[in-house]
Amino acid sequence: MLVWLTPALGLVGAFVGASLAPWMTSHLAWRRARRDAFNAAIAALRVAQVARHFANGVAAEYIGGDQTTVDAFNQRLREREIDRFVDAMHEAKVALAALELFFKVSGDIDRWEITEQDAVRMLEEMHQAR
């Protein structure tokens, strides 16, 4: 009787393994996609938060030249940093929208800007849910 038990259990194990393999592959891919969406949303929101606070009023000692040169540099810097912030905020909202397949953060992501308080709360929610 033991002679047939080992092959029979082997066949049962192979059948169960073959039956569960597609489900396991799908489940692992879903978990990987979820983790990637969380990581992208967290990173994009952090980039937007960092871009919110930009250099302003750089002193003349760092730039050199006369006051007109310094004023022109600071004006270009402000314009470039505001563009960067708007782009980063857009990327953060796109990443949060992609995350909605797996998790919905509280707050309104349809406004042009996510406030600092909302961003802090969203980051905490995402870190806990990840």
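This is a predicted model: local features need pLDDT of at least 70, side-chain atom pairs count only at pLDDT 80 or more; totals for chains, interfaces and linings use all residues.
Residues are numbered from 1 along each chain as its sequence is written, and side-chain values use heavy atoms, with hydrogens and water left out. Local features need pLDDT of at least 70 and side-chain atom pairs count only at pLDDT 80 or more, whereas totals for chains, interfaces and linings use all residues.

**View 1. Salt bridge between Glu100 and Lys104.** A salt bridge is taken as a side-chain nitrogen of Lys or Arg within 4 Å of a carboxyl oxygen of Asp or Glu. The N to O distance for this pair is 3.4 Å. Glu100 is partly exposed at 37% relative accessibility, and Lys104 is exposed at 56% (buried: under 20% relative accessible area; exposed: over 50%; partly exposed: in between; 1.4 Å probe, protein chains only). The whole structure holds 6 salt bridges.

**View 2. Salt bridge between Asp118 and Arg111.** The closest N and O atoms of the two residues are 2.9 Å apart. Asp118 is buried, with a relative accessible area of 14%, while Arg111 is partly exposed at 34%.

**View 3. Salt bridge between Asp118 and Arg121.** Here the closest N and O atoms are 2.9 Å apart. Both residues belong to helix 4 (residues 116-129), where Asp118 and Arg121 are 3 residues apart, about one turn of the helix. Helices (H or I, at least four residues) are DSSP runs numbered from the N terminus. Arg121 is partly exposed, at 30% relative accessibility.

**View 4. Network of salt bridges around Asp118.** The network links Arg111, Asp118, Arg121 and Glu125. Asp118 pairs with Arg111 and with Arg121.

Notes:
Helices (H or I, at least four residues) and strands (E, at least two) are DSSP runs, numbered from the N terminus.
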